[in-house]
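Trainee: Could we go through this structure together? I would like to begin with the aromatic rings and then turn to the sheet and the helices.

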Amino acid sequence: MFDGRARRILSLWFPRLASDRVLRARPIEAPFALVLREGNTDRLHCLNAAAEAQGLGRGMALSEARAFCPDLQTAPADPARETQFLETLRRWATRYCPWVGLDGEDGLVLDITGSDHLWGGEEAMMAEMAARLERAGIAARLGLADTRGAAWALAHFAPGRAAAPGARLSALAKLPVAALRLPHETVTGLQRLGLREIGDLTRTPRAPLARRFGAGLMARLDQALGDLPEQISPEPDPPHYGTRLTLPEPIGQQADVMAGIERLLARLCAKLRENEAGARVLSLKLRRVDQASQQVELRLAAPLSDPARIAALFARGIEDIDAGFGIDQLRLAATQVEPLPARQIGAIATERRDRLGDLITRIGLRIGLDNVQRYLPADSHIPERSFLIAPAAFADPEGHWHQPHPRPLRLFPPEPVDADTPDPPRRFRWRRQSLTAERIEGPERLLPEWWFDDPNWRGGMRDYWRVETGQGWRLWMFHTPQDPGWYVEGVFA
């Protein structure tokens with residue numbers, strides 16, 4: 001490979017990746033740790049150097065850590081943001097070589113074979129990489145060897161060290177057996193047998209070790225020594241959903257801008273369909289000849305990859321564009337993309353759903369997508385908590401509402417009724433009206449949800465009745481046995 005050169009693998013380990021990410025934006029000199037909740041206990045997730053110097057460690061309970069270090073400052077951990085940060089570092093590392101992959105949750109692995117000469121050699125590359133990370137406020141440990149396992153071992157147990165080509169056993173012999181990426185139970189078992197260093201394993205018969213600890217132990221040893229191949233799979237870059245159109249002559253009419261948008265959408269939607277994705281948010285940037293630019297954002301109620309439907313929705317967004325002396329470049333990008341699997345077209349339900357999504361988008365362009373709302377069922381038997389109100393663009397409709405008993409069309413806060421009988425009253429006053437009950441159905445007894453402290457339900461159970469009056473009202477009334485009284489809470493259609 002590469003004119004006979006041996007394969008060279010560089011391991012990058014970020015021992016304080018999570019805390020470094022937070023402290024880069026808000027530096028703290030005092031002991032600091034990120035806290036992650038595990039079960040019912042808050043535990044330390046990642047610490048800075050000052051906290052480690054106080055004797056704190058990862059996995060320690062927060063209450064115990066504060067007993068050791070009262071001035072410890074904490075913040076909640078965010079594993080999703082940590083994953084994004086590591087992905088950002090992976091893209092940064094591609095400046096040194098194209099073959100970069102993830103190594104666990106806090107490391108990278110680089111195949112720098114044939115690329116180190118671009119930086120003046122391996123030592124110069126490692127020094128330049130370490131200097132850049134230090135200036136960025138990111139603690140990193142590097143290890144370089146012929147194999148991935150050996151590079152990982154050097155990065156974690158001999159940081160900054162580079163094993164010479166071919167010198168695998170000599171570079172690893174004095175390292176502890178934990179450098180072979182073994183489970184904690186296996187490391188403990190080997191130490192009890194007196195096998196504390198990798199060199200001790202190479203001098204011990206393999207068969208007894210394999211019978212006692214399994215084939216995984218020997219596989220890790222062979223991978224580190226190069227006797228067993230280990231692949232490095234680089235992470236593919238996510239597809240970029242963006243396109244641009246540079247015009248030979250500036251344009252200014254709305255029809256010309258729409259024609260340019262349609263050309264861009266054709267290319268963009270083709271790429272979206274190729275990856276079975278749909279655009280949820282699109283950004284159109286228009287550059288004028290005087291170098292000024294304007295931006296139009298289109299937020300869709302549902303992911304789309306149909307250029308004709310998207311173009312029709314763009315028409316309103318460009319009405320207020322000031323073309324100035326002309327527009328000479330258009331850039332269109334899908335800034336938010338969601339999966340959109342291929343589906344059979346022509347179904348009536350699909351066409352109705354598409355038309356509804358387009359209608360919500362058009363209304364959302366005027367008043368905002370968050371203000372177009374729909375009702376969703378909630379898991380509660382309490383009338384006022386049996387539904388949720390959610391933005392229609394970000395919540396799927398429920399196909400069926402399970403209602404074992406009829407519910408009124410309109411609900412409102414309970415209004416008192418002038419009646420003092422424990423049975424449903426035949427004559428009563430409500431809203432300054434004298435009403436006569438012609439038909440009564442019930443009761444339906446509802447109990448308060450004890451796990452919620454709702455002031456409206458502190459009176460205890462309620463017996464609900466459906467009362468149809470001679471004056472045309474169909475009321476939903478309830479009686480509270482603990483504190484006798486009658487109330488109206490809703491009106492049927």
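Trainee: How many aromatic pairs does the structure hold?

Mentor: This is a predicted model, and the structure holds eight aromatic pairs. One of them is formed by W430 and W473, with 5.2 Å centre to centre and 90° between the planes.

Trainee: What type of pair do W430 and W473 form?

Mentor: The pair is edge-to-face, because planes over 60 degrees apart count as edge-to-face.

Trainee: Where do W430 and W473 sit in the chain?

Mentor: W430 is in strand β16 (residues 427–430), and W473 is in the loop between β18 (462–469) and β19 (474–479). The two residues are 43 residues apart, and the pair links distant parts of the chain.

Trainee: Is W430 buried or exposed? And what about W473?

Mentor: W430 has 0% relative accessibility, so W430 counts as buried. W473 has a relative accessible area of 25% and is therefore partly exposed.

Trainee: What is the geometry of the rings of Y464 and F478?

Mentor: The ring centres of Y464 and F478 are 5.2 Å apart and the planes are at 45°, so this pair is tilted. Y464 belongs to strand β18 and F478 to strand β19, 14 residues apart. Both Y464 and F478 are buried.

Trainee: Which residues do ring pairs link into a cluster?

Mentor: The cluster consists of Y464, W476, F478 and Y487, linked by ring pairs.

Trainee: Changing topic: what is the order of the strands in the open sheet?

Mentor: The open sheet has five strands in the order β5-β6-β1-β7-β8, with mixed pairing. Its edge strands are β5 (100–102) and β8 (161–162), each of which pairs on one side only.

Trainee: How many bridges join β1 to β7?

Mentor: Five bridges join β1 (residues 9–13) to β7 (residues 141–145), and the two strands run antiparallel. Among the residues involved, S11 has G143 in β7 as its bridge partner.

Trainee: Which strands does helix α5 touch?

Mentor: Helix α5 (residues 122–135) packs on the sheet and touches β1, β6, β7 and β8. The direction of α5 makes about 165° with that of β7.

Trainee: Last topic: at what angle do α10 and α11 pack?

Mentor: Helix α10 (residues 206–213) and helix α11 (residues 215–225) pack at about 125°, with axes 6 Å apart. That angle makes α10 oblique to α11.

Trainee: Which residues meet there?

Mentor: From α10, R206, L209, A210 and F213 meet A215, L217, M218, L221 and D222 of α11. By class, this contact has seven nonpolar, no polar and two charged residues.

Technical notes. Residues are numbered from 1 along each chain as its sequence is written. This is a predicted model: local features need pLDDT of at least 70, side-chain atom pairs count only at pLDDT 80 or more; totals for chains, interfaces and linings use all residues. Side-chain values use heavy atoms; hydrogens and water are left out. Axes are lines fitted to C-alpha atoms, for helices over the stretch in contact, and angles run from 0 to 180 degrees between N-to-C directions. Helices (H or I, at least four residues) and strands (E, at least two) are DSSP runs, numbered from the N terminus. Angles under 35 degrees count as roughly parallel, over 145 as roughly antiparallel, 65 to 115 as roughly perpendicular and the rest as oblique. Contact means heavy atoms within 4.5 Å. Ala, Val, Leu, Ile, Met, Phe, Trp, Tyr, Cys and Pro count as nonpolar, Asp, Glu, Lys and Arg as charged, and the others, Gly among them, as polar. Two strands pair if DSSP finds at least two bridges between them. Rings of Phe, Tyr and Trp (its six-membered ring) pair if their centres lie within 6.5 Å; planes under 30 degrees apart count as stacked, over 60 as edge-to-face and the rest as tilted. Buried means under 20% relative accessible area, exposed over 50%, partly exposed in between (1.4 Å probe, protein chains only).
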